[in-house]
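Work through the exercises below with the model open beside you. Try each task before you read its solution.

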Amino acid sequence: MITVMIGGQWGDEGKGGIADFLSNYHKVFVRFNGGPNAGNSVMLGNGEKFVFKLLPAGGLKPGAILVLTEGMCIDVDALRKEIDKLREINPNFTVLVSEKAIQINLDHKIIDEGNKSRLGSVGVGVGPANVDRIKRRADTMKMYRSNEWFSVGDTGEWLNDHLKEDILFIGAHGTELDIHQGGFPYVTTSNCISSSIGHQAGVHPSLVDRTVLCVKAYSTRVGPGEFNDLVGPVEEKIRLKGHEFGSVSGRPRRIGWIDLKQLKRSVRINRPTMIALTMVDVLAGFEKVGVWTTEGKLEYMEGWATEDIKEFVHLDQKKKSPFTDYISYIERAVGCKIEIVSYGPEKRKKAWIWADSLSCVRHINHEGEEGEWR
Ligand code: IMP
């Protein structure tokens with residue numbers, strides 16, 4: 001079974017937590033775009049977190065096979081360090097790297113410093129490395145062959161030979177940062193949408209069984225570009241409650257209400273089979289919650305309480321609440337079901353909700369129990 005998980009907004013949708021949750025159902029985890037400019041945080045049981053930058057955020061699973069395809073830009077030193085760090089937590093995983101993935105060198109990092117103010121770049125060299133890819137003068141990973149950290153080879157062939165395994169492709173960044181489909185020029189230098197596994201991993205998109213679009217219950221953006229910013233005390237409250245500071249850069253993220261016009265477009269581009277809605281706990285306790293409609297108007301809905309979320313994810317038959325109204329409103333507006341809800345950073349705070357209609361939740365799984373995966 002092949003699953004692709006994609007960021008539905010501007011990155012930072014909480015993909016790390018959802019990937020960790022979905023790791024229950026997969027064995028092979030693939031990163032196919034970007035490089036160490038991504039940061040997927042996964043909570044460890046002891047309250048600490050592990051930030052995956054180059055490795056796919058499924059790496060905590062014992063026996064995991066972690067694949068880095070040719071779409072990636074790799075800082076080899078950073079990769080070795082990340083592997084060493086992960087080995088302290090999970091001694092049992094393997095890493096396969098595409099011989100055609102390109103290397104980030106010191107020059108790339110120096111040049112990228114200049115992109116920080118102009119484009120809001122993270123500054124770790126990914127953009128300039130991709131420039132050298134297009135100029136066809138970048139160094140590839142072929143020279144490393146296989147070593148004590150990773151094996152180097154044709155990952156496209158390997159993946160196509162192992163299609164019977166449960167494979168999770170973990171997209172970095174988000175749809176609005178895609179070099180072609182995002183808001184140019186304030187975009188990253190790779191493709192971040194579901195179909196881009198075709199050219200960035202050599203696996204045809206028609207082979208995909210499920211596409212999970214990861215969407216935050218509000219919007220955030222790091223760096224310049226089009227965005228409906230929230231300004232004032234509500235903005236600050238959401239930023240602090242949601243820890244909305246860049247996981248690689250530490251910069252405060254811009255905050256806005258969910259934008260359904262943007263999300264509808266994202267659904268059109270990615271054709272997800274389901275949405276995973278994250279950070280719903282961050283919005284709990286607000287008297288009203290804003291929504292940018294598909295017509296581009298700002299509307300307010302009644303806010304929900306933590307209790308509403310708890311009832312929703314713990315009960316089979318759910319009575320209507322402001323929270324279920326919010327979920328149904330999004331589903332109807334963008335034409336895609338929300339089938340996973342994340343209501344806290346820990347793995348046990350991810351729930352399956354398979355809802356025909358939000359007044360009747362059909363199947364629920366929560367607190368880390370294995371669910372059925374259709
Ligand atoms: P670059 O990819 O480092 O050149 O950054 C280009 C733009 O994409 C900047 O606005 C970054 O802040 C943004 N960006 C890149 N990666 C991420 C990410 O993983 N999450 C959020 N924003 C990102």
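**Exercise 1.** Which residues is isoleucine 330 in contact with, leaving aside its neighbours within four places in sequence?

*Solution.* Contact means heavy atoms within 4.5 Å. Isoleucine 330 then touches Ile258, Leu260, Leu263, Leu277, Gly335 and Ile338.

This is a predicted model: local features need pLDDT of at least 70, side-chain atom pairs count only at pLDDT 80 or more, and totals for chains, interfaces and linings use all residues. Residues are numbered from 1 along each chain as its sequence is written, and side-chain values use heavy atoms, with hydrogens and water left out.

**Exercise 2.** How many residues has the largest nonpolar core?

*Solution.* Start with the term. A nonpolar core is a set of buried Ala, Val, Leu, Ile, Met, Phe, Trp, Tyr and Cys residues joined through side-chain atoms within 4.5 Å. Buried means under 20% relative accessible area (1.4 Å probe, protein chains only). The largest core has 53 residues. Ile330 is among those with the most contacts inside it, with Phe169, Ile238, Leu283 and Tyr326. A second, separate core has 38 residues, including Met72 and Val152.

**Exercise 3.** Which atoms of aspartate 12, glycine 120 and serine 121 lie by the ligand?

*Solution.* Look for polar contacts (pairs of N or O atoms within 3.5 Å).
- Aspartate 12: a polar side-chain atom, 3.2 Å from a ligand nitrogen.
- Glycine 120: a backbone N or O atom, 3.1 Å from a ligand oxygen.
- Serine 121: a polar side-chain atom, 2.7 Å from a ligand oxygen.

Technical notes
A polar contact is a pair of N or O atoms within 3.5 Å; within protein, one must be able to donate a hydrogen and the other to accept it, and residues adjacent in sequence count only if both atoms are side-chain atoms. Buried means under 20% relative accessible area, exposed over 50%, partly exposed in between (1.4 Å probe, protein chains only).
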